[in-house]
Amino acid sequence: MMNPIDVQFSHLKKIRNPYPNSCIQHARSLKSLLIWNSHEPNHCLLQTSQELARSLVQQFNPNIPIEEALTPPSSWYTSPDFLSLEFDQVFFRGWQAVGCTEQVQEANSFFTGRLGNVEYVVCRDENGEFRAFHNVCRHHASLLAFGSGKGSCFTCPYHGWTYGLNGALLKATRITGIKNFNVKEFGLVPLRVAIWGPFILLNLETEAFSQQGYDDVGMEWLGSSSKILSTNGVDTSLSYLCRREYTIECNWKVFCDNYLDGGYHVPFAHKDLASDLKLDSYSTTVYEKVSIQRCDGGEVQGQEDFDRLGSKSLYAFIYPNFMDRYGPWMDTNLVLPLGPRKCKVVFDYFLDASLKDDEAFVAKSLEDSEKVQMEDIVLCESVQRGLESPAYGSGRYAPMVEKAMRHFHCLLHQNLMNDFYF
Ligand code: FES
């Protein structure tokens with residue numbers, strides 16, 4: 001007679017798995033985890049959880065040619081342990097795009113956000129200087145600011161402690177009688193913030209904070225493609241138009257993969273868009289942390305308006321989760337993991353100032369973009385459900401078109417193996 005744990009996993013053993021090192025190995029690891037969990041204290045569980053995630057990383061082999069390579073195992077897209085490792089190794093290290101300068105154009109303005117369990121607030125102080133802090137009150141941990149807005153200080157909605165835009169604690173209410181309390185030690189916890197082009201970057205590392213300038217942030221964030229993007233992919237003369245947000249029931253990487261397939265899915269899933277692109281002109285170039293896909297545009301309605309802006313589309317992917325699509329206008333996509341099978345994608349649209357007042361053009365363009373996003377959401381949610389099926393372990397790459405996707409997977413593997421540090 002099988003014990004309860006064997007019963008729980010017996011159905012997995014019955015599945016014929018073409019890639020035996022993926023699903024079944026994951027199931028075995030989970031089984032060990034459950035057994036260990038029943039006998040050991042919590043720190044062992046945590047350690048085992050990290051070990052499990054690392055064992056999943058090792059199931060991907062970045063060292064074989066794309067023609068022979070398997071895609072990452074489905075567990076990369078479904079495991080909560082794997083996502084925890086991604087937060088620790090990927091999102092909580094190095095520079096992360098969190099927004100654009102348009103969101104805090106004026107002194108005393110702010111916006112808030114969340115990445116994993118990190119709640120942050122970005123603001124411009126009274127001198128216009130960019131600052132960022134953990135958005136957590138030092139009294140009893142209430143979130144301090146919500147959404148976006150403007151003000152000369154942050155007042156906690158719980159008991160009224162008040163902080164300046166430089167993070168200093170200005171007022172701690174009703175603390176008469178408190179001892180050993182140094183107000184200077186209870187300011188907001190700062191985060192490193194930097195600006196590149198129109199983008200705001202944060203560094204969420206917990207190591208000692210430094211007020212030093214970040215002159216080389218472009219190089220740190222983008223590597224050698226910094227120069228290419230600043231001259232070809234990010235046009236700072238474009239003006240900000242609007243933001244759209246989509247919550248999608250899929251792992252964050254499913255959305256990235258969809259962006260990185262070299263236009264492979266476009267003729268099948270975006271038939272209207274396909275007629276505006278010369279898909280056989282697609283080319284992909286990979287750099288250290290960035291890949292750039294290029295595609296020539298076909299004849300489109302209103303072509304004369306675009307002539308001076310060029311009809312080439314450029315799709316830059318900045319590892320791990322930021323995408324910049326340029327030509328004839330620019331939109332950026334920031335993919336934020338909300339859980340193993342949920343993410344939020346933030347689209348910011350920028351447009352040449354001369355076209356901004358053309359309401360019909362703007363409305364039509366946003367409508368077309370919305371249509372493509374809705375088509376992509378259906379695809380991504382469908383892929384997620386397939387990844388969760390016991391029938392799927394790993395897939396294969398189409399070598400001529402999915403180079404950027406392979407590059408993304410290899411970078412992630414390298415990052416999770418701790419082989420590099422951005
Ligand atoms: S939690 Fe902020 S003042 Fe009490």
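The structure is a predicted model, in which local features need pLDDT of at least 70 and side-chain atom pairs count only at pLDDT 80 or more, while totals for chains, interfaces and linings use all residues. Residues are numbered from 1 along each chain as its sequence is written.

**The chain**
- The chain holds 13 helices and 17 strands, where helices (H or I, at least four residues) and strands (E, at least two) are DSSP runs numbered from the N terminus.
- Of the 422 residues in the chain, 33% are buried, a residue being buried if 20 or more other C-beta atoms, placed from the backbone, lie within 10 Å of its own.

**Helix H12**
- Helix H12, residues 359–387, has 29 residues and reaches 41 Å from its first C-alpha to its last, close to the 42 Å expected, a span defined as 1.5 Å times one less than the number of residues.
- The buried residues of H12 are Asp 376, Cys 380, Gln 384 and Leu 387.

**The sheet E6-E7-E8**
- Three strands form an open sheet in the order E6-E7-E8 with antiparallel pairing, two strands being paired if DSSP finds at least two bridges between them.
- Strand E6 (153–155) and strand E8 (169–171) stand at the edges with a single partner strand each, so one side of each is left without a neighbour in the sheet.
- E6 pairs with strand E7 (residues 162–164) in the antiparallel sense over 3 bridges, and Thr 155 stands opposite Thr 162 in E7.

Notes
A residue is buried if 20 or more other C-beta atoms lie within 10 Å of its own, exposed if 12 or fewer, and partly exposed in between; C-beta atoms are placed from the backbone.
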